[in-house]
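Thanks for taking a look at this one with me. Below are a few notes to read alongside the model.

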Amino acid sequence: MKKFISLALAGAMSLSLLAGCGPKEPAPATSGSQSKDPVAQDVTIKVAAVQNGFTDTYAPMWDEVVEAFTAETGIKVDLLTSKTLEDEIGPAMQGDEYPDVIYLPEGRPAGLVEQFIKGNLIADITDVLSMTVPGEDVKVSDKIQEGFTETSKTNPYGDGKTYLAPMHYDPCGLFYNAGLLKEKGWEVPQTWDEMWELGEKAKAEGISLFTYPTAGYFDAFLYALMYTVGGPEFFDAATHYEEGIWDTDEAKQMFDILAKIVSYTNPVTPAQANDNDFRHNQQLVLDNKAIFMPNGTWITNEMADAPRADGFEWGMTALPALSSDDDRYSFCWFQQAWIPAKAEHIDAAKQFIAFLYSDKAAEIFAKGGAIQPINGMADTLEGEKQMFFSIYNDAKAAMGGFATYEAVAGLGTTREVFQDPINALVSGTMTMDEYIANVKTASDQMRANLMK
């Protein structure tokens, strides 16, 4: 156990950015009956929550949620929030002292969530879905939007059980300056052919069609693109590295689109596509030097104080479809809350997670722009937020991620295989044929080492 946590905190284990699903035995100590203490008013649970852009916007967010939970249930909460949460809770966990609830998503450098998943160390919270939300008369499952508890980000083992609760979500898509398109009389492309036509119009005026903050932002882009070219069937096969999947017609369409988008990318992008300079790439859109960039709804807060072209107005669209008769997709990114299998107060922790879907909690979170995946929540939003979250009125949500595989010497993460090389494609130091060959070779190894 200590080895898993140490590796997580050091970020030494290579895992997928968005861990996928693979059949696996359920985690130990997962039922409420195995918690050390029953739910009682004299119980104090420990909740550890990472600070992020939402917290920066509305600092009292978690404090108010905790206060409301205690008022409703009588269960006290010892709250810890930190931007470097792994560093704060790591030493105690190495001494077998765990928070009862952890709000921390996958994809962070330390890889703590991925290590807990790999080690089978997260409690089964499937029964939370059938619990009544504290203070309300509705079940948790009736409040959560359809699809959020049937994804590999909540059910990582493919065993029909839920281990991670879907929390604040953000539609991911192509963000752009709607003011520029209005000024030029250009329409938002609905198909990829229309996208390439716009690329030529923009090029004639010295504007690049595309940029990206860092290559890591191609996770959501590629996932949505997989759905676009082949629907959920192709997505599932591709993210599980099915033999021969990259030789299919769908894969050829995917690679062709990727090659074209690379050719239309602003050439300065790779040099700025790092953790220190990524905002410079985002600034290209605000300065009308590039039209589209893949991103999430947090971009508006992130660039709130940045200069921008006259008439700038945020716009967001799903990926174009193959044809006007085909579906469009927007990837849905969300954070997760979970219970360590060795937590002391599992029953009370489940009560807390159930409360996170209450109207009270949702209203508090929304003050900081953190939107819960609750039915009807998007309808209560206003302005830009309503525009962003209503994207699923016209597009389908793409959710899920690459399947988890055992770490093998010489085999990189899915980010290193699928996303990071985009910089080399744009700069011209790697050809598309080389990229495809690397994807095929790595996929063979990933398939051979899938967690079972």
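1. Confidence overall. This is a predicted model, and the mean pLDDT of the protein is 89, with 90% of its residues at 70 or more; pLDDT is the predictor's confidence in each residue, on a scale from 0 to 100. Local features need pLDDT of at least 70 and side-chain atom pairs count only at pLDDT 80 or more, while totals for chains, interfaces and linings use all residues of this predicted model. Residues are numbered from 1 along each chain as its sequence is written, and side-chain values use heavy atoms, leaving out hydrogens and water.

2. A stretch to treat with care. Over residues 7-38, pLDDT stays under 50. The model has 110 contacts beyond four places in sequence for residues 7-38, a contact being heavy atoms within 4.5 Å. Where pLDDT is low, the predicted coordinates should not be read in detail.

3. A helix pair. Helices (H or I, at least four residues) and strands (E, at least two) are DSSP runs, numbered from the N terminus. Helix H3 (residues 61-73) packs against helix H14 (residues 346-355) at an angle of about 115 degrees, and their axes are 11 Å apart. Axes here are lines fitted to C-alpha atoms, for helices over the stretch in contact, and angles run from 0 to 180 degrees between N-to-C directions.

4. What meets what. From H3, Trp-62, Val-65, Val-66, Ala-68, Phe-69 and Glu-72 touch Ala-348, Gln-351, Phe-352 and Phe-355 of H14. By class, the H3 contact with H14 has eight nonpolar, one polar and one charged residues. In this scheme Ala, Val, Leu, Ile, Met, Phe, Trp, Tyr, Cys and Pro count as nonpolar, Asp, Glu, Lys and Arg as charged, and the others, Gly among them, as polar.

5. Asp-96 has phi near 65 degrees and lies in the loop between helix H4 (85-94) and strand S3 (101-103). Asn-288 has phi near 60 degrees and sits in the loop between helix H12 (278-286) and strand S6 (290-296). Asp-96 is partly exposed, at 41% relative accessibility, whereas Asn-288 is buried, at 17%. Buried means under 20% relative accessible area, exposed over 50%, and partly exposed in between (1.4 Å probe, protein chains only).

6. Cysteines. How many disulfides does the structure hold? It holds zero disulfides, a disulfide being a pair of cysteine sulfur atoms within 2.5 Å. The sulfur of Cys-172 has its closest cysteine sulfur in Cys-332, 7.4 Å away, which is too far for a bond. Cys-172 is buried at 8% relative accessibility, and Cys-332 is buried at 1%.
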